[in-house]
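I opened my notebook to look up helix packing and salt bridges. Here is the structure I worked from.

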Amino acid sequence: MNLPKTMCMLPWVSIETSPIGTARPCCLAIDEITKSDGTKYDLNETNLTEIYKSEYMQQLRQQFRRGEKPATCNRCWDEEASGRTSKRQHSQIRLKHLVDKVDYANDLPDQLWFVDLKLGNICNLKCRICGSWSSSNWAIEEIAYLPGIDKKQHLAYKYLKQGMWPRKTQTFWDNMRELIPNIEYMEFTGGEPFMIEEHFELLRFAVKTGHAKHIDIHYNTNGTQWPGAEDVWKEFRLVEVAFSVDNIGSRFEYERYGAKWDEVNANIDRFHALRDSSKNFWTQLCLTVNIQNIYYLDELINWATTKNFNNVYFNMLHSPDHMSIANLTPHAKTMVIEKLDNANVPSQYKLELMRIKKYILNSKGSDGREFLEKMQRTDAYRKQNFKDTHLEIAKAMGYE
């Protein structure tokens, strides 16, 4: 086929499960996949095969084939406009061995090769860029913000309950076992994937049935856990562990509340020792660019060079909206751009910093009011102060 330049392979080969049991075409899609009546699919009631073949997904495939830019994919279009490599483009690189095999002419393909599994919201941390949809600890805190209100009516309480779906929905795991022979790539993100024992049972099934050898695994972990899964992982084609580290030292501990900087560094070293003794193991730094760390990216990059990751990935935060660098205040915008222009980092990172600069210049900005309100509320509850660890960006965002 003569494919449009805006074609994305993911609607043909991929599905993402959310921490609360809904599904999307990929992790950056804005909208969840819905039934013909407009209600969201619920993995307590259906399975990935049905969602993958749904009318919604068929229509999305048709949109891409016509050369349209679906609105649910706006995050990719925005990143591409700033010169960054979007999820759409990155997937064609990561899954390059599959690109020519995709049956783009078919609205009902049988090519579900990539599953992005966010298996509930169980997590031991309360990261500032996260929330109750992805962290059970966050949900407990958010409920506590509103004393005197029936907690069962609180959205965070509903997320806390919905985030339990992988531990009570056997049909999902039965369906995953049916899909394993076709799977080429599995991502496990969060919550914290190393705290979800059920996924290790799925991996052991893949090993037992002889399918592990054609499957790559990717994890995003907060770095606080050592799962001791070496005997299982060695059977897979590739295992990549990406560490979600967005800042260093006391700023890291502020942003990833509950984590200890020294302990995470020690765990990274432990994983690197496993990598150096294995043939199928990689590590990655997955740094999420957001308002808290945008002024300090040079320090993070220079720390990363001392750790010798196989890859450093710059993940642009889009949600929650108040943390996005698209919503810097005018003063913060000016200050950050000057810092990016003068960043003292290894040359291979300078182009990425310039793309981030362009993204900021293309953004609308904000008055910072929502950012301040939410940061101050959490600071009050946790007895912290953003200015103590992030003085420069705090002042530029108007933090008092």
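My entries on one helix pair and some salt bridges follow.

**Ground rules.** I am reading a predicted model, where local features need pLDDT of at least 70, side-chain atom pairs count only at pLDDT 80 or more, and totals for chains, interfaces and linings use all residues. Residues are numbered from 1 along each chain as its sequence is written, and side-chain values use heavy atoms, with hydrogens and water left out.

**Salt bridges.** I searched the whole structure and found 25 salt bridges (a side-chain nitrogen of Lys or Arg within 4 Å of a carboxyl oxygen of Asp or Glu).

I looked up D379 and R128 next. Their side chains form a salt bridge at 2.6 Å, N to O. D379 sits in helix α17 (residues 369–382) and R128 in the loop between β4 (126–127) and α7, so the bridge ties together parts 251 residues apart in sequence. Helices here are DSSP runs of H or I with at least four residues, and strands are runs of E with at least two, numbered from the N terminus.

Are these two buried or exposed? D379 is buried at 3% relative accessibility, and R128 is buried at 3%. (Buried means under 20% relative accessible area, exposed over 50%, partly exposed in between, with a 1.4 Å probe and protein chains only.)

I then checked E68 and R66, which meet in a salt bridge at 2.7 Å, N to O. E68 is partly exposed at 31%. R66 is exposed at 54%.

I also noted a network of salt bridges that links E16, R24, D116 and K118.

**Helix pair.** I found that α7 passes α8 in a left-handed crossing (the near helix is turned anticlockwise from the far one by less than a right angle). The contact (heavy atoms within 4.5 Å) includes I140 of α7 and L160 of α8.
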